[in-house]
Amino acid sequence: MTKEITKTILLDNAIVKAHSGQITIKPLHQVLEDLELDDIRVLDNITLWKNSSLNIAKHRTTHFGDDTWVSYEEAQRNVTFSGADELTYQIRIYSLIMLSHGNIEGGKPLKLSTLQNSVTYLNLIANFIRQRGYQSFHELEFKSDLVIRNIIKDYLYEVGKIAICRQPHSFTKLFQVQRSFRLFGPKVCNVFIDVLNQLNELHHPRPITYSHPVIPTKIMKKILKFASEIVENSKVKVDRWLELNARLIESLHKGSVAPPPKPNVHDLIAKHVRNLKNRKEFTQLSEELKDLKLAVYINILAYTGMRFNEVLTCKVGCANYKNDIYYITAIMTKTDNSKIEMEWFSNAEVYDCVGLYEKFVTGMQERARATLSSCLANITTSQAHNLKEGLRANRLLGVSHSNSSVSFSDSGRFTNFEIKNKENTKLFDLTLDNEDIAELERLESNYKEVRGRNRGVPYEAGDTLRLTAHMFRHTLSYFVIANKLGELDDIRYQFKHLTSLMTFVYTRRAFLASTSLIKTTEEFNKILIDRIAEELIDEAESQSLKGGAGEQINKISKDLIIGVTDNQSKDSTLIKQIHFKSIEELKKFLVKNIKNIRGLPTGYCTAGEACKIKGAGIPSGCVYCGSKIISQRHKSNWKIIKKDATQKLDSYAVASKEEQSEYTLFAILWRNNLAAANYVLGEAKPTNQEGVHV
């Protein structure tokens, strides 16, 4: 009796594991000998996994020899193989190792969707060398350097078209001994890197990496306004649609209409719709509700930052409100093969629109149940399977919108931002103007695509923004950081990133915006200093400035002389004098030399970082500082200080001796404040003239 060969037995015999964890794929003939097999086709029936799918053709067991390994993931991305020789066998084994171990034994297994690109490139290489007469990747290692070099160069020119020649690309990563499990040996990999470097110097002297661009602010406002208006306009229409849909469901249960001659769910329901009394109204409402799903999709993307695959996993009942927090539940499968239900913070817009759309989804699900329970004989087997699996999945966005049918789809059939109702086209205007282009340029996001023919090609005014789901994710992270609504760790948690480095990639543009803001602030600071200098000179001419530095400016404006001393004490030594020809010349001097001015309620401070009491609430001691300038605009605050100090001292004066003893230190402060206020308001002379030199 022939021993059954399982996936585990195949892997154990097809690879060699080193103590370091490195894995090597054995030649096929050795594997067949170890398994005592004469024909490679025996391996084709090895079971890999079982799939659940809305499509009955994909709802099956996946075997090692299948031309397509149907995905078991939420992403629904499959891998395909071509050929039936050792090259194809090696690609299948490579894929099985990656799905089971990752790059090394005990490593992190890859997702099928992550593996897809590598398998595609291996298939292309296999087809290319197959035409050259090779039957195995291992054969290349035994050829001369010149032969290997010519094969690689020809492949890059004829198939790769040079565009893929970038070190981080998933294609180039295949040519690493460990990552390829020695399908490509050391000689092949060294020659490849050498050829790649030569081609890069020739064709890509300055390789550029493009990240997904952000959505310009004005365009984002239009998109969110579109979603908001669609949701608002749908509120009344959904309830009326549910009433008429209930009549359709009742008709299906009663069998009021003769079934179509051939089993078909569309023909069946279409006949019942035509028989409805309010058929025209029902059809019109269905048409007007076509874009509600897109509006919900946009709101979830824009306000949560979820990946589009995660949005598609949302189920009916995913939006919740608890402890004053809105959140939405979905399944995250990005980082590994496991399915983890997680929560994303959201807002009232998401909560409300999801709740509204769930009414429509529930109505379509009831239509599906009615079809299965009362009309099963009038639909095809594949359609019945689709309805059963769709109801079981209970996806929020899984219903395919239709007036005269019912079906479910994993993709939702709407993710390309296509407007279904022509009346809503004007609301969804993605035309870029010069202001949008300028914003994209400032944020290093002015390019149409991150890959493909238009990779890196800049937009021009009048172009239509090429919108993708991932752009919402980058835009949200940029908006949060640029507007100081959160920190990197907040974005990392919301986006479910494994590392902070990935989060920084998403938020980098926010720091570009901050740089722009700093530049704008510096320009504003120059204007502000110019205005302050003009204000100070005008008031100095009337000798009305107060404070240590203010008194000096009064004197300077009168004498047009500045005496520069070695320090600010009363015993300072005069170093030199600067003479001015006019007030305007003095003003220019002040503008040039005032660099660290801070505006406070009690006056201007020019000490900058040297100020030792910059945290004081009412710094009466600052009045006599050589860095303090008090102009007319500050005197209203000093009137309040005087009033407060006077009231406190009046109360203190009538208090008992015991009470006064408790407030002795406060009384000293109030008297100092009153004296300082009287000086500032011109009602007394300063009590301390020390430190008034410039």
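**Close-up 1. Helix H13 packs against helix H14 in this predicted model**. H13 covers residues 348-374 and H14 covers residues 381-393. Helices here are DSSP runs (H or I, at least four residues), numbered from the N terminus. The axes lie 10 Å apart, at an angle of about 135 degrees. Axes are lines fitted to C-alpha atoms over the stretch in contact, and angles run from 0 to 180 degrees between N-to-C directions. H13 and H14 are therefore oblique to each other; that term covers what is left after under 35 degrees (roughly parallel), over 145 (roughly antiparallel) and 65 to 115 (roughly perpendicular). Their crossing is left-handed, meaning that the near helix is turned anticlockwise from the far one by less than a right angle. H13 makes the contact with Gln365, Ala368, Arg369, Thr371 and Leu372, and H14 with Ala384, Leu387, Lys388 and Leu391. Contact means heavy atoms within 4.5 Å. The contact of H13 with H14 has 5 nonpolar, 2 polar and 2 charged residues. Ala, Val, Leu, Ile, Met, Phe, Trp, Tyr, Cys and Pro count as nonpolar, Asp, Glu, Lys and Arg as charged, and the others, Gly among them, as polar.

Residues are numbered from 1 along each chain as its sequence is written. In this predicted model local features need pLDDT of at least 70, side-chain atom pairs count only at pLDDT 80 or more, totals for chains, interfaces and linings use all residues, and side-chain values use heavy atoms, with hydrogens and water left out.

**Close-up 2. Helix H8 meets helix H10**. H8 spans residues 217-254, and H10 spans residues 279-288. They pack at about 130 degrees, with axes 10 Å apart. H8 and H10 are therefore oblique to each other. The crossing is left-handed. From H8 come Lys237, Arg240, Trp241, Leu244, Asn245 and Leu248; from H10 come Glu281, Phe282, Leu285, Ser286 and Glu288. By class, this contact of H8 with H10 has 5 nonpolar, 2 polar and 4 charged residues.

**Close-up 3. Helix H21 packs on helix H23**. The pair, residues 635-653 and 664-680, sits at an angle of about 145 degrees with axes 8 Å apart. H21 and H23 cross in a left-handed sense. Contact residues include Trp638, Ile641 and Tyr652 of H21, and Trp670, Leu674 and Val680 of H23. The contact of H21 with H23 holds 11 nonpolar, 4 polar and 4 charged residues.

**Close-up 4. The largest cavity has a volume of about 100 Å³**. A cavity is a set of points, on a 1 Å grid over the protein atoms alone, where a 1.4 Å probe fits but cannot get out; lining residues have an atom within 4 Å of a point. Volume is the space filled by probe spheres set on the points, which are joined across faces, edges and corners. Of the 14 lining residues, Ile125, Ile151, Ile152, Tyr155 and Phe175 are closest to the centre of the largest cavity. H4 (112-131), H5 (145-160) and H7 (186-203) each supply at least two lining residues. H5 gives the largest share, 5 residues. The lining has 14 nonpolar, no polar and no charged residues.

Terms used: On a 1 Å grid over the protein atoms alone, a cavity is a set of points where a 1.4 Å probe fits but cannot get out, and a pocket is an open set with protein on both sides within 12 Å along at least five of seven lines; lining residues have an atom within 4 Å of a point.
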